[in-house]
Amino acid sequence: MRQLRNLTVLVVLALLLPACAGDPNVKKQRYYEQGVKYLSGGKYAEAIIEFRNAIQIDAKFVEAHHQLALSYRRKGWIVDARYELEKALTLRPKDSELAMALGDVLVELGLADDALKTVAVALESGERNARARTLLGRALAIKGDAAGALEAYRTALAEDPRVAEAHVGLGQLMLREGKRQEAEQAFQTALGLKPNSIEALLGLGTIRWQENRLDEARADFERAINTDSDAGPPRMALAGLYTVQGKTDEAIRELEMLTTRVAHLGATLQLGELYVRANKPDKAVQLLIPFVKRYPRLPQGHYLLGIAYMGTDRIELASASFEEVGRLSPQAPLGHYLLGKTYLQRGMGTPALQAMQTAERLGLRLADLKVDIANAYLQTARPREALSLVDAALKESPQDVRLHGLRGMALMALNDFGRAQGAFQRALEVDPTSIGANLALANL
């Protein structure tokens, strides 16, 4: 009889186990718990997969959305983190913790107005007011409202003087105003409350950099990196310090150590710029192609990719990149100018002229701009306009050999060969080694 009872229990358990294993609630919880383990262990890609699996089973699983957002943020996919937190907050609109997390992300993205709306949710609850007011101060600081930010930080510290982030915020405001002593005191107070505060260490490093105490600044940045090797700002700061010291290879190495693991927005753009500066356009292209695919509405990515394409003589692709910059940032003159440069190289005089004139109308002031507009006039068979522009530019820059050469080309196009010869000879007086002027004179 006893054996029969034991057998019955085994049969029941055998029937229950598959049922439990197939229970959606059990499965989603297992995915969630595994994701938490991966996230705490720094395995962000694996954590993302587990949290996504949990959400596939239950799209309203708020905690999974929250943890997925944290994983995205640690991975450097800050835009994805924002959208995931917005989903979570939609499911739980009064959750101040979610509102605070979303506010942090929005501030990191520089979206101050959106952050202010989110902060209001956190302030409504009456909980964590000191943290919420600190976030309010950060958002107002981004908007340039220093007085409002200062009031928010002071209110936060009146409610809870142990909020290290509020002291950091005060330090950053003081630093902007050039009050280094007060800023340093605020950052030191923050470190006393939170010994591994990355923001406080960055603030102290910035002060020491400004005071030309570069070894101390580097030590602060390295300490911040040791606190969190996957954080972007400390490595970006250290790379910036190396760059101004002329240590471009060291700067690149720091950023590569970060971006091979974390897709940090700012660090990726900084690394792309350094590749271009170090005459490594192929590496810049390799880095930036997947970046612009992931963030197609970020003009900086297209801008750097266009410059990198120019460095590899892929001019049509460079044109496409700068065309995208023009669509995303139509008021940015440099994008129009570089687009015009690529059109000139392709022999497309009319669109080149349009792009150059747009850059000029938007306020771009570059010596090369007059030269390139004159070239565009010549490409479009308008030598008189080119000559008029060059003559005016020569009054301001009489020693610019390029302008004398262009003047000769315009006069040649007008069949005024005597004056053209004089222009080329004047170019050679300015620079006897000018290959262009020598060739033009020989051709004449």
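This is a predicted model: local features need pLDDT of at least 70, side-chain atom pairs count only at pLDDT 80 or more; totals for chains, interfaces and linings use all residues.

Q: What volume does the largest cavity have, and which helix gives the most to its lining?

A: Its volume is about 30 Å³, and a search of the whole structure finds one cavity of 30 Å³ or more. Helix α4 gives the most to the lining, with three residues. At least two residues come from each of α4, α5 and α6.

Q: How should I read a pocket, and what volume does the largest pocket have?

A: A pocket, unlike a cavity, is an open set of points. The largest pocket here has a volume of about 1,800 Å³. It is lined by 49 residues, and the closest to its centre are Arg73, Glu108, Arg138, Glu199 and Pro233. By class, the lining has 24 nonpolar, 12 polar and 13 charged residues. Several helices each supply at least two lining residues, among them α4 (62–75), α6 (96–108), α8 (129–142) and α10 (164–176).

Q: Which residues are the closest to the centre of the second largest pocket?

A: The second largest pocket has a volume of about 400 Å³. Of its 16 lining residues, Val79, Leu109, Leu265, Tyr295 and Leu298 are the closest to the centre. Helix α5 gives the most to this lining, with five residues. Nine of the lining residues are nonpolar, two are polar and five are charged.

Q: Let us turn to one helix. Is α10 mostly covered or mostly uncovered?

A: A residue counts as buried when its relative accessible area is under 20%. Helix α10 is mostly covered, with 10 of its 13 residues buried. Among the buried residues are His167, Val168, Leu170 and Met174. The cover over the buried residues of α10 includes α8, α9 (146–159), α11 (180–193) and α12.

Q: How far does α10 reach from its first C-alpha to its last, and what follows the helix?

A: In general, an α-helix has 3.6 residues a turn, so residues three or four places apart point the same way. Helix α10 reaches 19 Å, close to the 18 Å expected at 1.5 Å a residue. It is followed by glycine 178, whose phi is positive, near 80°.

Notes: Residues are numbered from 1 along each chain as its sequence is written. Side-chain values use heavy atoms; hydrogens and water are left out. On a 1 Å grid over the protein atoms alone, a cavity is a set of points where a 1.4 Å probe fits but cannot get out, and a pocket is an open set with protein on both sides within 12 Å along at least five of seven lines; lining residues have an atom within 4 Å of a point. Grid points are joined across faces, edges and corners, and a volume is the space filled by probe spheres set on the points. Helices (H or I, at least four residues) and strands (E, at least two) are DSSP runs, numbered from the N terminus. Ala, Val, Leu, Ile, Met, Phe, Trp, Tyr, Cys and Pro count as nonpolar, Asp, Glu, Lys and Arg as charged, and the others, Gly among them, as polar. The expected span of a helix is 1.5 Å times one less than its number of residues. Buried means under 20% relative accessible area, exposed over 50%, partly exposed in between (1.4 Å probe, protein chains only). Contact means heavy atoms within 4.5 Å.
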